[in-house]
Amino acid sequence: MKEGRFYYITVYQKAEKLGDCASVAVEMPSGHFEGPLKQKHLSWKLPDGRTGPGPSSESSALPKPVGLFPLDKTFGGKDVVNQENVILKHVQLTTGPDERKTAYEFSGNKDSYIEIPQTSHLDTQYSMTLLAAIFPTGKNGPIMHYSAEKWGVHFWQYNENQLFVRFVTRDGVFTQPLAARVLQPNKWNEVGASYDNLTGVAQLWHDGKMVKSRNIGQIQLRTQFPIRLGADSRDKRQFKGKISCLQIYNRALTAEQVGSLRNCPVKGLNDGKENTHSGTGLSAPGSSVNQLQEEDTEEEIQGSEVTSVNKCRPNPCQNAARCLIDLKRMDGYRCRCTSDFTGRHCQVSKPDAKSPVVKKATISRPKTEPKEEITATKSVHGSIAKETKNDVYLLYQKVGCYHDNVQQRDLPTRPSMKSVTQEQCVKECAIKDETFSYFGLQDGEQCFCGKSYGKYGRAKNELCNKRCRGNEDENCGGKNNNMIYFYGIGTNYTIRTYTGNALGAGTKANIYLTLFGDKGDSGFRMLSPGDKKYQKGSVDTQVMSLPELGDLRKVRVLHDNSGNDPSWFLDKVVVEDEHGKTYEFSCNQWLSEGQGGGKTERLLTLKKRKRSHI
């Protein structure tokens, strides 16, 4: 947390009796706590502009769903919003939460399901909320999912009492799932899942309460397909039980809204003035207050029971890798990679990590010393000219192909250029604003700059293969797709790995490492191999030239489990930049398939930062 900035904190509490309250304190980066927060720190603001202390007493309007399926005797399977019918297959009308005919019962067979045809209304694409009431009598199966040849967004019951959701990107890439042991078998459960594209936050809901939250990044959702309730033709597990009142919204609802929609909102549906947005489903700014942030964790679906179905379906492995059940590992599975990939999910390209492509661009120092001006942003010329008489050397490296939106650009700044090349684009972005760290090339002739990227999700690399108009030997993105590059002033980083003194601590495996800073990350780099390196008690050093990463925050380190003795006990990693700042990342754990929970990959967080006394 930084001084001078506002931070919004949402507190969720289950009150046991009238008058219960919550006390909130904030842990600062130094480790001490500030708080508890007092009433003077809290405020509310009404739509008419009035503000005051304490929580607002005015309730927000309930939104209108883009799809509402009461699943009752009156409407059958009809969508009461769009007046469209669904396909009912071997399901029976039965008693719902209100003891009337307001639910359908599913037998748990692959031919017992409800299918909702594809429509533009239900393709929320950016943000969404799913709500339903379920009465599970089986152990596993889909509550609902967007059905396609590849997996779409899917919402499931797992291992009898686990509620599970995974939001999938538009082009089929899996994000980290959310799961919670909250379902009560043979009882009615009000369940929900939401995703907010503006914040990147996904959440799970149960009986009107948020039970799980994770930041999965800003993506476009794979919701452009028909919806099926109760069964999936690609899977042996089918939902057994009752489902009532499916609601679909094209925004991430707040806790107050979710709590207010626990009863099926059929009556007065068309009486409200709530704006239903356009068919894009993009949430309006400020539509969600659930802006929770989480660290990059390795959390998996909760529970001790490990089976092939709950760990390898859907397949968590990337790049055509095979998922294998491994009960010796803490996460219950491992990925068998093809020869060119490694990592826990086969996410690391060995050739790219061994021989990374890093390009250089030079910005010449202006001939005359610029006058100091007070501006909103500083240019590289303005800041560097007073620091050095030498030219400025920039390094830049490819990140990947990412979707863009012409209405709201992923990278917001577009410099004016006559001839677009990779080198010219990075120069213009660096001169435009020294706080930028990314540039994107699009459609062969457009250059964009910004501090972050990825609002609309990753695209296939073949969508970014259009030649640059200024240099036909280079690729410059594609139509509505940016080829993103990370750049910065060339900086040398000295990396020291400390192997522990445990018996058999050394390794012969190939080691890969990523440095994460507040400006960007290095991408995976292979550390220099050698017969005498990474042995028991050794300290091994190497220097990497990278775009400036800013203050370092994390290090991800792994090995490919190759060689006769691949197990490695890593004590710590210490990184020093060329300015003398030193960062220590403690590990003190095995990277081994046979020890330490079977993990060959570790995420290390900053222990402390030391400054040189020179």
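**Exercise 1. Determine which residue in E28 is the bridge partner of Tyr438, and describe the strands that pair with E28.**

*Solution.* Step 1. The bridge partner of Tyr438 in E28 is Phe486. The model is predicted: local features need pLDDT of at least 70, side-chain atom pairs count only at pLDDT 80 or more, and totals for chains, interfaces and linings use all residues. Residues are numbered from 1 along each chain as its sequence is written, and side-chain values use heavy atoms, with hydrogens and water left out.

Step 2. Strand E26 (residues 438-442) pairs with E28 in the antiparallel sense over five bridges. Here strands (E, at least two residues) are DSSP runs numbered from the N terminus, and two strands pair if DSSP finds at least two bridges between them.

Step 3. Strand E25 (residues 392-403) is joined to E28 by nine antiparallel bridges, and Gln397 stands opposite Phe486 in E28.

Step 4. Strand E31 (residues 539-547) also pairs with E28 in the antiparallel sense, over nine bridges; in E31, Leu546 is the bridge partner of Thr491.

Step 5. E28 and strand E33 (residues 568-577) run antiparallel and are joined by seven bridges. The partner of Arg496 in E33 is Val574.

**Exercise 2. Explain why strand E28 is described as largely enclosed by the rest of the structure.**

*Solution.* Step 1. Buried means under 20% relative accessible area, exposed means over 50%, and partly exposed lies in between (1.4 Å probe, protein chains only).

Step 2. Of the 19 residues of strand E28 (residues 481-499), 14 are buried, so the strand is largely enclosed by the rest of the structure.

**Exercise 3. Describe the aromatic pair of Tyr402 and Tyr453.**

*Solution.* Step 1. Rings of Phe, Tyr and Trp (its six-membered ring) pair if their centres lie within 6.5 Å; planes under 30 degrees apart count as stacked, over 60 as edge-to-face and the rest as tilted. A search of the whole structure finds 16 aromatic pairs.

Step 2. Tyr402 and Tyr453 are 5.0 Å apart, centre to centre, with 75° between the planes, and the pair is edge-to-face.

Step 3. Tyr402 lies in strand E25, and Tyr453 in the loop between strand E27 (446-450) and E28, so the pair ties together parts that are 51 residues apart in sequence.

Step 4. Tyr402 counts as buried, at 11% relative accessibility, whereas Tyr453 is partly exposed, with a relative accessible area of 25%.

**Exercise 4. State the strand order of the open sheet of seven strands and identify its edges.**

*Solution.* Step 1. The order is E6-E9-E18-E11-E12-E13-E14, with antiparallel pairing.

Step 2. Strand E6 (87-89) and strand E14 (178-181) each have a single partner strand, so one side of each is left without a neighbour in the sheet.

Step 3. Within the sheet, four bridges join the antiparallel strands E11 (residues 141-146) and E12 (residues 154-158). Gln157 in E12 is the bridge partner of Gly141.

**Exercise 5. Describe the largest nonpolar core and the other core that lies apart from it.**

*Solution.* Step 1. A nonpolar core is a set of buried Ala, Val, Leu, Ile, Met, Phe, Trp, Tyr and Cys residues joined through side-chain atoms within 4.5 Å.

Step 2. The largest has 40 residues, and Phe155, Phe167, Leu229 and Ile248 have the most contacts inside it. Strand E10 (residues 128-136) supplies the largest share of this core, four residues.

Step 3. Apart from this core lies another, of 28 residues, among them Phe486, Leu515, Met544 and Trp568.
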